[in-house]
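Open the model in your viewer and keep the selection tool at hand. Each stop on this tour says what to select and what can be found there.

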Amino acid sequence: MRFWILNSLLFCIGFTFGQAPERKIIIENGTYHYVTINDNNQLATYYRGATTSPIKEGKRYVLPVGRNLTAHFNPLAWDLKDDSIVAVNFMDHVMNDRYEAIKKIGLFDLQEWNSTMVIGELIQACVNQPQYIFNQPYLSLKEKTDIFNHFYFDLALIGDEVWMVMSNKGSFRIWKYADGEWKKSKIYKREWKAHFTLVKEGNKPILLTETGEKIVVSLDGVEIIQQGKNNFELKDYTVVIDRDNGKNYYIKNNFIIPEQSITELLKKSGSTI
Amino acid sequence: MKLTDNIKKIGLSLIATIAVSYVYAQDFSYSSVSVEQATFTGGNLPIRRDEGGTFYGTPHWISGAENQVPVAYVSGSTARVNAHFKFTCENAPDSIMVRGIGPDGFDFEPRTVAVEEEAPGEYSFYYPSTYASTEFTAGESDFYKPFTIGWDVSFNDGEDWRNADSTRNSMYVTRDNPQSEAGHFKWYHSVYDISCRNADGWSTDEEIIAAVWDEYTDQVVLNYKDDSLHYYSPKNTYFTNLGGLLENRNAQCYTFAQLFLATIKIQGVVRTNNYVYITPVYSTTCGGYSVNRFLVKDWDFGTPTGSGCEAYPYENSYTSLLPYPYTDYNFITADVTDQTGIPGQCSDNPSSYFNNHQIALIDGVYYDACYGVTFESLEDIPYEAFDGWGFRYTSGGVTYARFTNDMDATELSQSITTF
């Protein structure tokens, strides 16, 4: 028991600002929101604070979702709408059901991290979270193949719609959940070498690829609106979605300094997407 | 020649011998020579600590250290080592000869080295980086625990050698270059140890896979310290990656599949599409509930009391499934009860109520490293290893799990990735 508690404490202490945000930072109403993952226990931490205050002063909450770490790394798929986060809980756990992985979690239900929390219990809470909507994109892919290779996915919330893009073995498909049902695009061919990120831009879902391409995606088609960049790898960057100003930025992960505010960081190091 | 001449010659020779002896060993004690540190070089492979995952540094041998650093090479390469010595002596020579005698003819040639005075009566010398006299047999895994080098010194140009000290390190020789680290596959100490300990002397992929698999078949997997690696003992472990297993020595099924695959990847054996996630094929029953649970043997099916779902008549209920001390399931009501069944690694009765499970797939054979058993097909697994299928729902804070022991009720699906 002592070992268990000590272990848990060590994990809590281990939550620092050393981990890069999972995909993105969202700015809304003068507040920033982002999520990190502890790769040892897979648990997510949600951060919130004022955009004008140093990042390190933000509050840290347990977010009851997580993700695994595979050779073809896919960061946590998550987005924020109103007072909730929708995320895909792809945590490795013997009781975690991938078909039920899409969760919706109220921001004001979250608990701040403290040293009395027991990691095992928090992980169990992740597994027990009820599904928000059924993970039809995963089931459909699963019904087509047993082989998963360069399997990546992300989601974005646009109005009342949930958009997902899922890739595997040199192809991808776009999904939209609205009015209680999933609809899908045709399957597009494309070789993926690393993960992509799905964002909202002007009420449209935009796919940011591993090389920096911008692709407008819909159920009816895809359109490349910006070519990739030389020497650009998406994994080295965090996407900053500034909903207050209606702009999206890239910021290099190693430029995210906890002593500075998001506003300062964007001014110094942000580049418009 | 006259007898007197011979006596004179013998007398002169005796005087010369005494004089030589005086110069080389007048007040020297061999037992005072010690190796302070030794470092292997020449393309040895990096090794991560099980504890924390950082890489070991050098030197590999430090006098008096409780744990010496392990060493690894790829077969066909040649070990190379240097060493620092010290000794005490009132009147030391300017130079000394040193050699290392390793196992199986891995010897390190005599070198004449300068003696340095560190303090009055305290001297040191350095044996420079020197290749072993032979290379590790190409295309074959090898294992020495320890790889002992006996260090000899000579004060008369190699005419007489005396053992001075020895160094002892674990030595791992992989058949080929290990595969690159990716995801949770990392070059951990126990990965080398388990792999080379079992694959010692084997060459082909098939031989190595079979030899490494032997580690798992008796349900006792030991790390580099000969400590047991446990599968759900106790049951509440949340570790699901290789590093978590090696650091905490108790983990979920993901980790044993990863460990088995890691112990063949470290030998350079390449098999893609090798890591299999199994879970019930998606289906719904009785009011739309997803059939997403299974029971690994043994579970005792008593009298069914569940109502409203004839296909899954057995009902268990719970709020906190695994309370302290995390050794037994805690059901409020139970038509189905856990029995000691298939033992897992270093665990008589591991967890056995799951949504999913992970196994390895190599050359068409499914290897379940958690239990040390193999299956010829995915379809065989439920019939050989499971006692039932189930689904669950929550009402009023209580989780209700419904089960059937009809193994034809559903089947397994698999998601295959490359670890």
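**Before starting**

This is a predicted model, in which local features need pLDDT of at least 70 and side-chain atom pairs count only at pLDDT 80 or more, while totals for chains, interfaces and linings use all residues. Residues are numbered from 1 along each chain as its sequence is written, and chains are lettered from A, and ligands numbered from 1, in the order in which they are written.

**Stop 1: the sheet of chain A**

Show chain A as a cartoon. Strands of a sheet pair through backbone hydrogen bonds, either parallel or antiparallel. Chain A has an open sheet of eight strands in the order 8-4-3-2-1-18-19-20, and the pairing is mixed. Strands here are DSSP runs of E with at least two residues, helices are runs of H or I with at least four, and both are numbered from the N terminus. Two strands pair if DSSP finds at least two bridges between them.

Which strands are at the edges? Select 111–112 and 271–272 of chain A: these are strand 8 and strand 20, and each pairs on one side only.

Next select residues 31–37 and 43–50 of chain A, which are strand 2 and strand 3. Seven bridges join these two strands in the antiparallel sense. One pair to pick out is Ile37(A) with its bridge partner Ala44(A) in strand 3.

- Residues 119–128 of chain A form helix 2, which lies across strand 3 and strand 4 (59–66) of chain A and runs at about 55° to strand 4.

For such angles, axes are lines fitted to C-alpha atoms, for helices over the stretch in contact, and angles run from 0 to 180 degrees between N-to-C directions.

**Stop 2**

Select Lys103(A), in strand 7 (residues 102–106) of chain A. Is Lys103(A) buried or exposed? Lys103(A) is buried, because 21 other C-beta atoms lie within 10 Å. The cut-offs are 20 or more other C-beta atoms within 10 Å for buried, 12 or fewer for exposed, and partly exposed in between, with C-beta atoms placed from the backbone. Leaving aside neighbours within four places in sequence, Lys103(A) is in contact with residues including Val65(A), Ala87(A) and Tyr132(A). Contact means that the C-beta atoms of two residues, placed from the backbone, lie within 7 Å. Pro64(A) is 39 residues from Lys103(A) along the chain, and their C-alpha atoms are separated by 9.1 Å.

Now move to Ile85(A), in strand 6 (residues 84–88) of chain A. Ile85(A) counts as buried because it has 22 C-beta neighbours inside 10 Å. Not counting residues up to four places away in sequence, Ile85(A) touches Tyr46(A), Leu63(A), Trp78(A), Leu80(A), Ile105(A) and Leu107(A).

**Stop 2: where the chains meet**

Show both chains. How many residues of each chain are in contact with the other? The contact is between 22 residues of chain A and 27 residues of chain B. On the side of chain A, helix 2 and helix 3 (136–144) each give two or more residues. Helix 2 of chain A has the largest share, three residues.

**Stop 3: the domains of chain B**

Colour residues 29–174 and 177–419 of chain B separately: these are domain 1 and domain 2 in the domain assignment, whose bounds come from an automatic or database source. Their C-alpha centres lie 44 Å apart.

**Stop 4: a helix pair and a hairpin in chain B**

Select residues 189–199 and 205–217 of chain B, which are helix 2 and helix 3. Their axes come within 8 Å and cross at roughly 115°.

Last, select residues 357–362 and 365–368 of chain B, strand 22 and strand 23, which run antiparallel and are joined by three bridges. Strand 22 and strand 23 of chain B form a hairpin with two residues between them, and Asp363(B) in the turn has a positive phi of about 50°. Ile362(B) has Val365(B) as its bridge partner in strand 23.
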